[in-house]
Amino acid sequence: KEPSIEQKVATPIASTRKTPSTPQHRHHRRPSLNSLSVVASSGRFSDSDSDNEAAPAPVITSKEVAFALSMRDNTPMDNGPAWSVIRSQPNMTIYKRWPPNSNVLMVRITMLLEDVDPKIVEKHVTVPSLMVSWSDATTEYRKVDTDTFYSRYAFPSPLGDREMLEGRHVGDTPCGGRVVLFKSTTHPDVPETPGLVRGETLLAGYIISAHETRPNTTLVHFVSHSDIKGNIPTFLVNSMAAKVATETVTSLA
């Protein structure tokens with residue numbers, strides 16, 4: 001059974017390291033999910049912005065998938081502290097928690113998207129060209145191989161741009177929804193870009209399902225636990241976690 005709107009979900013941020021000077025990018029407002037013309041003919045989508053290659057060993061394990069699904073509840077599988085509410089508003093609740101053995105804040109957001117089919121949401125968080133179309137902060141998103149993706153994000157001053165290289169898992173949930181997860185990885189053809197800080201995604205992603213009682217409404221759990229690296233005080237970056245998470249998810253609406 002899918003959780004109610006009172007059970008909500010997440011995004012990332014945090015750390016401390018040296019950040020080289022990086023030019024900032026200015027962005028125009030991207031079209032929203034509802035304003036984009038999308039045809040969703042099935043529950044599986046092609047992200048063939050580049051050629052398919054042989055699939056590498058999975059970056060995200062079945063245990064991590066189960067852990068991500070458990071984060072919809074207030075009792076995550078790592079036996080760490082429960083989620084606490086940062087803010088609650090109509091159709092959205094934002095939570096935070098400190099995972100065991102980590103100084104990086106974990107955030108989750110649960111959101112209801114009205115008049116949006118779950119297949120449309122899945123497409124917009126899996127197809128590289130669409131990822132760039134709805135996210136204001138995403139300046140580049142491309143496929144490296146079957147389950148590896150490179151992305152670049154514009155952050156406000158003084159953070160500077162960040163790049164990510166992530167493995168991805170897309171699959172079904174036990175309750176008939178879909179899960180899309182990301183975790184940092186390496187690839188011989190994608191070394192770190194000179195002048196950019198490469199962040200680390202410890203675990204992030206989306207759990208997407210149709211609402212049980214509201215027709216044509218999608219329930220989205222967004223979870224993120226990421227370290228953006230750089231010479232930024234951990235407390236400062238963690239304080240921005242909820243803000244960045246909210247902006248990311250509301251851009252999808």
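Buried, as I use the word here, means under 20% relative accessible area, exposed means over 50%, and partly exposed lies in between (1.4 Å probe, protein chains only).

**Ground rules**

I am working from a predicted model, where local features need pLDDT of at least 70, side-chain atom pairs count only at pLDDT 80 or more, and totals for chains, interfaces and linings use all residues. Residues are numbered from 1 along each chain as its sequence is written, and side-chain values use heavy atoms, with hydrogens and water left out.

**Entry: arginine 178 and glutamate 122**

I started with arginine 178, which is buried at a relative accessible area of 11%. Which residue does arginine 178 form a salt bridge with? I found glutamate 122, with the closest N and O atoms 3.0 Å apart. This pair links distant parts of the chain, since arginine 178 sits in strand β7 and glutamate 122 in helix α2 (residues 118-124), 56 residues apart. For the record, a salt bridge is a side-chain nitrogen of Lys or Arg within 4 Å of a carboxyl oxygen of Asp or Glu. Helices (H or I, at least four residues) and strands (E, at least two) are DSSP runs, numbered from the N terminus. Glutamate 122 is buried too, at 3% relative accessibility. I also noted that Glu122, Asp172 and Arg178 are linked in a network of salt bridges.

**Entry: other salt bridges**

How many salt bridges does a search of the whole structure find? I got 9.

One of them joins glutamate 114 to arginine 214, with 2.3 Å between the closest N and O atoms. Glutamate 114 is in strand β3 and arginine 214 in the loop between β9 and β10 (217-227), so this pair ties together parts 100 residues apart in sequence.

Next I looked at glutamate 200 and lysine 229, whose side chains meet at 3.3 Å, N to O. Glutamate 200 belongs to strand β9 and lysine 229 to the loop between β10 and α4 (234-239), so the bridge ties together parts 29 residues apart in sequence. Here glutamate 200 is partly exposed at 30%, while lysine 229 is buried at 15%.

**Entry: two helices**

In helix α1 (residues 62-70), the buried residues are Glu64, Val65, Phe67, Ala68, Leu69 and Ser70. They pack against several strands, including β2 (92-97), β3 (106-114) and β7 (178-184), where contact means heavy atoms within 4.5 Å.

Last, I visited leucine 252 in helix α5 (residues 241-252). Leucine 252 is buried, with a relative accessible area of 0%. Its C-alpha atom is 9.4 Å from that of methionine 131, 121 residues apart along the chain.
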